[in-house]
Amino acid sequence: MSKHQQKTIETQEELSEVLQVRRDKLQNLIDMGRNPFEQTQYDVNDYSMSIKNNFEAKEGQTVRIAGRIMSKRIQGKAGFIDIQDSQGRIQCYVRKDAIGEEEYPVFKTYDIGDIIGVEGTVFKTKREEISVKAASIVLLSKSLQILPEKFHGLKDPDLRYRQRYVDLIVNPEVKEAFLIKNKAVKAMKNYLDERGFIEVETPVLNTIAGGANARPFVTHHNTLNIPMYLRIATELYLKRLIVGGFDKVYEYGRIFRNEGMDVKHNPEFNTIELYQAYANYEDIMELTENLIAYMAEEATGSTKVTYQGKEIDFKPPWKRMTMIDCVKEYSGVDFNEIETDEEALAIAKEKGIEITPGMRRGEVISAFFEEFGEDKLIQPTFITKHPVEISPLAKRSKEDPRLTDRFEAFANGWELANAFSELNDPIDQKGRFLDQLRKKELGDDEACDMDEDFINALEVGLPPTGGLGIGVDRVVMLLTDSASIRDVILFPTMKPIGAAKNVEEEE
């Protein structure tokens, strides 16, 4: 056995001993009739930051606070502990003669991580630190695990995401991103509510995976004995509501796509989709830039954010470019001069673009954009006029029916939003769905299914409508300078530890 292996075993044994000590302490408390898990409530009347921010008014007052012990310094008959509550940390001064001869020895056995309630008076120490002088302490919950130690903390990203509860305790700055996200989402909803939009809910379980080009999660409904899909978009249901007479609707919630995982992609993520009757994609473009700018300002105090060292300004108006013009600027290829599929495929091959079965001119344009243009769009930019082949639900452009009245919003080289003048011609829509089925037969597992009921809704009559979908988590990543989408999702998707080991064993 190597010295490293021996050291690892010793460390595990030591850790097990420490964990056993905590369980022994719990048993001692139970034997004393002081089982902390029998506590059902504590009458909290103040919080750490409230006390610190209002010290002059609160000095000398009695407060009742509760939180987790994060540090402990005992010297004889007195000691200091730091308590962390939902607002932050505050120091507590604990004296034997203040909390009692019988209570003090019990207090000394408390561990870092234990949750306690403290009643005492607000004061400043000789070092001018705002603190609470404890008059009584109650153990509310015993921590049987060990928190990562102060200086190294919880740094391993994988462990942080798996044990978000520990991450939030030992890395309190992590909470700030989620507070900003909360502000941004509230601002987004307020902005739409004030403009007459109605928030609605649509099914998460669908019988058809529609509304986007994405691979779905498949499940089975036992009673109906049919396959069902976790929704990949909310689009088709929301447009049914426009058919039914709602003029402005939106839904904020989870979308599920059975696809890759990276810093910008999690299998479940938050979007908002909205639809406005009698509006077109240009109306929605204006709404989008104003909405995201408002979210930024309300959540961070400014339309300007710094993301990984780059300043991004969401202040409207944003730059606008057609997809073909963007491709021309960054690749040198002008698809206005390329008319046929054969010409497009030839230039794609020449430029090293991957050719897929059944690929046509429009799909080549999209591939060129993804290869040469997308990552250049650092400042907020609208890319417009997408090819019909990649836009099965968008209305054709009057100027060029090979293109659509569609836009995507980009910043930091990422797609943040997708929108278009909605296709409301049921005959054209059925043809688009049939083309999607052709793609599926050619091996495209992200192609849309046929939705006969949606066709029926269009035949009933969909007014001219503008629609929008925003990837809220990506916007929040930019607002919070978060390097990964997992940093703005409280519990991101993770492979189970046992499963990960099995895969490694197979390899």
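1. Leaving aside neighbours within four places in sequence, with which residues is L479 in contact? In this predicted model, L479 contacts I180, A184, M295, A296, A299, T300, V305 and F314.

2. L479 also belongs to the largest nonpolar core, which has 45 residues; L479, together with L192, F314 and L468, touches the most other members. Helix α10 (residues 281–300) supplies the largest share of this core, with 10 residues. Another core, of 24 residues, lies apart from it and includes I69, I116, I130 and V132. As general background, nonpolar side chains in soluble globular proteins tend to be buried together.

3. Strand β5 (residues 130–141) pairs with strand β3 (residues 89–95) in the parallel sense over 3 bridges. Within this pairing, Y93 has K133 of β5 as its bridge partner.

4. Strand β5 also pairs with strand β4 (residues 115–124), here in the antiparallel sense and over 10 bridges. The bridge partner of V118 in β5 is I137. The hairpin of β4 and β5 has 5 residues between the strands, and in this hairpin E128 adopts a positive phi near 65 degrees.

5. A further point concerns Q84, a residue of strand β2 (residues 78–84). Its relative accessible area is 13%, so Q84 counts as buried, the cut-off being under 20%. A polar atom of the Q84 side chain lies 2.9 Å from the backbone oxygen of I169.

Terms used: Residues numbered from 1 in each chain as written. Predicted model: local features only at pLDDT ≥ 70, side-chain atom pairs only at ≥ 80, totals over all residues. Heavy atoms only, no water. Helix = DSSP H or I, 4+ residues; strand = E, 2+ residues; numbered from the N terminus. Buried < 20%, exposed > 50% of the residue type's maximum accessible area, 1.4 Å probe, protein only. Polar contact = N/O pair within 3.5 Å; in protein donor to acceptor, adjacent residues only side chain to side chain. Core = buried A, V, L, I, M, F, W, Y, C linked by side-chain atoms within 4.5 Å. Contact = heavy atoms within 4.5 Å. Pairing = 2+ DSSP bridges.
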